[in-house]
Amino acid sequence: MNLRLTVAAGVAAHTVVAIGLGVALLPEVGRTTSPIVVVALAAAFAAASLLPLHLDFRRSACTVVLDEAVVVVALFATGPVGVIVAATLGEALRCAVSRQRPLKASYNTAQSASAAAVAAMLFSVLVDGAPGALDPAAWLAALAAAVGYAIVNLASTSFVLTVAEQLDEAFLATVPTYAFTTSASTSLGVTVVALAGVHPVAPVLVLPLLVMTVVESRRMAAHRAERLRFERLYAASTRTSRLAGFEEVLAAHADEARQLVTGAVGVCCAPNADGRWSGMVVDDDGARPAEQLLVDALVEHEGHRDHGDDHRLPSNATRTALPSATDVVTASAGPDAAAKVILAVLREIGADDQSDMRVEVLSAFAGHTALGVANALLYDEVDAAYRHQLDLNRQKAEFVAAVSHELRTPLTTTLGAVQTVHRLGDRLHPRDRDQLLSDAIAQGQRLRLLIDDLLLVAAAEHRSMTVDLRHIPLSDMLAGVTATFGIAASERLRVSVDPGMTTLLTDEPKLHRVLTNLVENALKYAPEGHIDVHAGLDDESVVITVADRGPGVRPEDRERIFERFVQLDQSSTRARGGTGLGLHLCRQLVGLLGGTLTAGERPAGGGLFTLTLPLHPVGEAPDAPPHHDNSQNSQRAGTPAPSPEHAEAGT
């Protein structure tokens, strides 16, 4: 916003200068020739831009043209006001042809008008009356006027570059090129005027000299631009050498790329950790993720280039990034680079004879970008592993605290009951003694179950647990699960089995433990309402669901609840105890049985756990009758269980 205000203020200042000097020069209007001459001069000013000399800086470029030759001719061919009008019209036509943005076109037009006004004022002050084409004093005056014209343009352009890019050396970097082009083009202009004074056709003799001047000027500008680009390439490589995350690296290199080749928008694309291409776009408004349309177009474009096909980017892809783009420079890292990278820079300045050099510089920077992307992927991987380890450490600390509490509670109750019986002895009423001993036994069983869970988790994770497959009656097994919770809890359980479901080949203790944990979890978190346990067939699988009418589990937590030590409520005031191992153990056991366990939501609200087991594990014929000889229908204890990743193998 500050840059726009500065440019707008510059437009106003140049306009005031041009109008003020133009009004001061009105008495000289009598020297103005016909409008045809002014129009011809305006066309000459516009034609001078056909051979521009670009000095690329970061975001902007300084364009140098051989205007001074036209200025010198105009000073002799028309009056001061005619010079101002011709320069203004020529620059406006030049901006329209190059499709510059309105604010930029206004600034350039006002700058040319004020520079022409300064030149006309200097020439008018130094020359009395009509200048003579063969008057050496008029030649010197024209030289001074052309220098004034060049100084105004140089100072104005350097000021904008300094404000836009905080580039203090912009003025000094452009002085050599401006000095050469100004002196050469001014001499050409004076020569044309002098030859025209000798004979109207004589200026044609200047054409070879004009061609040589243009060629040498462009060579000098190209050499200077190349040096500036490689200086920026070195600086860009230095600035982007630090470690950072993937998207941050893409954004930093996209920004540096657009400055390297003087673009308005920079795009950097690379495959992320998942192998999917993504990118970042950087422009004057900052960095943002690239639209997938643009990323796909760049990847396809580089693929065509690799096969020797000169395939241009589709217009709809570039339009999404920069509607006013007139040129696109792309480059990619070589096949031996550390990572795949595509760089693209969308430019508002049209292509010129330095386009190949820009591609070379951008290609050189792409190799550095590939190294930065590879480091960023490694950095993200290490950072994720570090954060995961921190999370595991936190979970372990919470687990130790939870287990300490869960162990202390039954142990305290058991010790208290036994100590009371020991201290009071025969003084206790038999009924009270039996109650205390029953409580101690119950708490001891609770303690044993907790220790069993810890041992089971350790065995499952070390893959040292065995699987004993047997044909079991499914209805009887579900009835046993119901009986585990006593009369009060079992009244809330509604068990149903599809017709035709008789036996299931599985490890009964492990399946019993899974269903017991799921029902206990439902009773804990859904204290009211029925709990439905249903078993049915789905293709070649047995599906058992446990549904409650509690608060359920949020979608983002439905995988996290199966992790070790995880309890969604980790506060010290949580209403429900536990170690956070129950659901993790369930998934581990289900994996050993060759099945899957997922969490979901009932259509009417509440939690829903879905257990899917293979009806016919690998190695069991679909129509094989159930066996009753344990030596033939079971996998003996001591045989290593299949890993969770290959749960069906070995059954």
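Which helix gives the most to the lining of the second largest cavity? Before I answer, a word on the basis. This is a predicted model, in which local features need pLDDT of at least 70 and side-chain atom pairs count only at pLDDT 80 or more, while totals for chains, interfaces and linings use all residues. Residues are numbered from 1 along each chain as its sequence is written, and side-chain values use heavy atoms, with hydrogens and water left out.

The answer is helix 14, with 3 residues; helices here are DSSP runs of H or I with at least four residues, strands are E runs of at least two, and both are numbered from the N terminus. A cavity is a set of points, on a 1 Å grid over the protein atoms alone, where a 1.4 Å probe fits but cannot get out, and its lining residues have an atom within 4 Å of a point. Grid points are joined across faces, edges and corners, and the volume is the space filled by probe spheres set on the points. The second largest cavity has a volume of about 50 Å³. Helix 14 (474-483), strand 9 (493-497) and helix 16 (508-525) each supply at least two lining residues. Among the lining residues are Leu478, Thr482, Val495 and Leu515.

Strand 4 (residues 277-283) is joined to strand 5 by 4 bridges, and Val282 has Ala287 of strand 5 as its bridge partner.

Conventions. 1 Å grid on protein atoms, 1.4 Å probe; cavity = no way out; pocket = protein on both sides within 12 Å on 5 of 7 lines; lining within 4 Å. Pairing = 2+ DSSP bridges.
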